[in-house]
Amino acid sequence: MIRESVILNSTTRFMITLLIMFSFYLLLRGHNLPGGGFVGGLVGGASFALYGISFGVQAARNAVFLSPPQMIGWGLIAALLSGVPALLYNKPFLTGWWYHELSVPIIEKFNTPLLFDIGVYLIVAGVTLNIIFALSEAELLEN
Amino acid sequence: MQCRIGVVGMALLLLACIAILNGVARDGIQSVQLGGWSAPFGITFVADLFSAIMLSVSAFIGLCVAVFSLATMDRARVRKGYYLFIHFMLMGVCGAFLTGDIFNLFVWFEVMLIASFVLMALGGERDQMEGAVKYLTLNLLASVFFLSAIGILYGNFGTLNMADLALKAEAGANPELMRLTSVLFFVAFGVKAGLFPLFFWLPASYHTPPVAVSAIFAGLLTKVGMYSLIRVFTLIFDAGESFTNHLLVWVAGFTMVVGVLGAVAQFNIRRLLSFHIISQIGYAVMGLAIFTQWALAGAIYFLVHNIFAKTNLFLISGATYDLRGTDYLKDMGGLYKKAPFLSLLFVISAFGLAGIPPLSGFFGKFLLIKAGLDAGYYIITAIALGVGILTLYSMTKIFAEAFWKDAPGKPLEGDLQWSDTPAKRRALYLPIIAMACGVVLMGVLAQPAISLCLAAGAQLMEPALYIEAVLSQEYLENFLSD
């Protein structure tokens, strides 16, 4: 970036971990409480956007291990897959399915709605980052 | 790689759609509640014969255009995701044909609109951008009408499920409000279907993108608007009601006449064909306006025939561009000598469109005109016949100018635009041949095709079948006892 701000940079280093954790928190509580993949994805996308503002777009691109279009693609695949188990049980596509045998911390039960939400999370974060990266790179080119 | 996956995907889609058609023809209307929540609350998908027929034809067109694009689409557009967006558009189209929920219909329309906007603007040539802006603005405006109409329906009935809406509208609704809502829907779908006087965006934009894109737009997009119009006016509103009926008849007449007169004045092949899309849609509206089983069967048959013939004419305009490097009739000519086989394919599609027996258009018009005479709609029937002659005239104009007359100026030598290798030639001509076969087969096998359409028309005339297929027995009993 053109201007470096010590305050912004050091705040970002603290904030980004918190923001990403918060976005996961929103994602996981979304099944019964306010939250879910969409809001979680927005917060997740916004945290990397903040990283981009402080350390430059290229640094932010490196920090996310998938490129935004890849995130969208994987998100779509996850959402699609979440519908498939229902077909194996002779239920209509996308019917929710829970695995009751095993209790897992935090999410309690493996279930397909969560997989769907993860898909939504990835898509929303991917779209947000794609737009923000493209816009800020265009701005860099103009300067 | 993307190209191959694209083509294979379209082929799979076609197989799936044919399986649906087969199932519906055997076991009646099918419905599924995605996610397992029962009907008026969940996400409903319904396939009756009408939607299954439209699905199969759309998938066939999708496959043909995907193959055609192998030869004609430039590498830059493919890299920018051309095949991806063709698939997205087909997803929107199929969703719109299958959905049983009026708000989801809106969502599928938007999916289709966004994908088609990208396809129209992809490549970013100057003409394209101008066309794309007109296209987007008017379609977004139509979406606003659509959404407000949905809002009124929801405020009135408290449901968005189409079967539930049909049930509640039948049980009693304020007729003035229903009329207002029906006009809003009419305007919304009228813009998308290209009806008079809302069609002007269509000829202004359809000739700007690459040929394959124009072809798939011409084949599918206006037909989805027409499908929704027929669906809404048979299920929720009553097309036979006197105000609506007058509106439909007048619009049908004007659409046919204005479209064909616009076409007569054009000298760019693709613009000319764009005006014909409008004129042909008028026939389908006429079928809806007459509103009998035969008329609806005629409208369905006509839509299918028109998808084949019109898409094929657009693909052929691509093939002539390949040979001559221009879309303007004045600069063309001599194609009959150079490409007699292509001329034959053109004649089949063009005369099919104009309605010469034994090709498909003849039977489509026959059904509509028979229905019109039976129901006493003499003026609109006369207009339909007259427009047929003008259609024939403008098809003959293309044939005479592009194929028959001698080439002006420089002799026809070499310089093919796209089909420079045998593989590309196959990709260019196979879809054209396949669709020309469709036009011929629909005419030669008219008996089974018409009986399928009549069955679909009978289903449309009997909304109770649709309602029973979607809503559970328990819900219906509860509703009746209230």
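1. Asn306(B) is buried, at a relative accessible area of 1% (buried stands for under 20% relative accessible area, exposed for over 50% and partly exposed for in between, with a 1.4 Å probe and protein chains only). The residue Asn306(B) sits in helix H13 of chain B, residues 293–324 (helices are DSSP runs of H or I with at least four residues, strands are runs of E with at least two, and both are numbered from the N terminus). Leaving aside residues up to four places away in sequence, Asn306(B) touches Lys223(B), Gln280(B), Thr311(B) and Leu353(B) (a contact is heavy atoms within 4.5 Å).

2. On the basis of the model: this is a predicted model, in which local features need pLDDT of at least 70 and side-chain atom pairs count only at pLDDT 80 or more, while totals for chains, interfaces and linings use all residues. Residues are numbered from 1 along each chain as its sequence is written, chains are lettered from A and ligands numbered from 1 in the order in which they are written, and side-chain values use heavy atoms, with hydrogens and water left out.

3. Chain A contains six helices and two strands, in the order α-α-α-α-α-β-β-α from the N terminus. Its C-alpha trace spans about 60 × 30 × 20 Å along the principal axes. Of the 143 residues of chain A, 33% count as buried. Among contacts in chain A with a separation of 6 or more, 61% are between residues 24 or more positions apart.

4. Thr112(A) belongs to helix H6 of chain A, residues 112–142. With 7% relative accessibility, Thr112(A) counts as buried. Beyond residues up to four places away in sequence, Thr112(A) touches Ser82(A), Pro85(A), Thr95(A), Gly96(A) and Trp97(A). The C-alpha atom of Thr112(A) is separated by 39 Å from that of Asn9(A), and the two residues are 103 residues apart along the chain.

5. At the interface, four residues of chain A are in contact with five residues of chain B. The area buried between chain A and chain B is about 350 Å², with 77% of it given by carbon and sulfur atoms (buried area is the accessible area, with a 1.4 Å probe, that two parts lose on being put together, summed over both). Of the area that chain A buries against chain B, Pro92(A), Phe93(A) and Leu94(A) supply 72%, more than any other three residues.

6. Three cavities of 30 Å³ or more are counted. On a 1 Å grid over the protein atoms alone, a cavity is a set of points where a 1.4 Å probe fits but cannot get out, and a pocket is an open set with protein on both sides within 12 Å along at least five of seven lines; lining residues have an atom within 4 Å of a point. Grid points are joined across faces, edges and corners, and a volume is the space filled by probe spheres set on the points.

7. The largest cavity has a volume of about 80 Å³. Its lining consists of Phe109(B), Met112(B), Leu113(B), Ser116(B), Tyr135(B), Asn139(B), Lys192(B), Trp201(B) and Leu221(B). Helix H5 (102–121) and helix H6 (126–157) of chain B are the elements that give two or more residues to this lining, and H5(B) gives the most, with four residues. By class, the lining of the largest cavity has six nonpolar, two polar and one charged residues (nonpolar covers Ala, Val, Leu, Ile, Met, Phe, Trp, Tyr, Cys and Pro; charged covers Asp, Glu, Lys and Arg; the others, Gly among them, are polar).

8. The second largest cavity has a volume of about 40 Å³. Among the residues that line the second largest cavity are Asp48(B), Arg231(B), Gln459(B) and Tyr466(B). H10(B) provides the largest share of this lining, three residues.

9. The second largest pocket holds about 730 Å³ of space. It is lined by 30 residues, of which Thr72(B), Asp74(B), Arg77(B), Pro210(B) and Trp418(B) are the closest to its centre. The largest share of this lining, four residues, comes from H2(B).

10. The whole structure has zero disulfides over all chains (a disulfide is a pair of cysteine sulfur atoms within 2.5 Å). The sulfur of Cys3(B) lies 17 Å from the closest cysteine sulfur, in Cys64(B), and is therefore too far for a bond. Cys3(B) is partly exposed, with a relative accessible area of 24%, whereas Cys453(B) is buried, at 5%.
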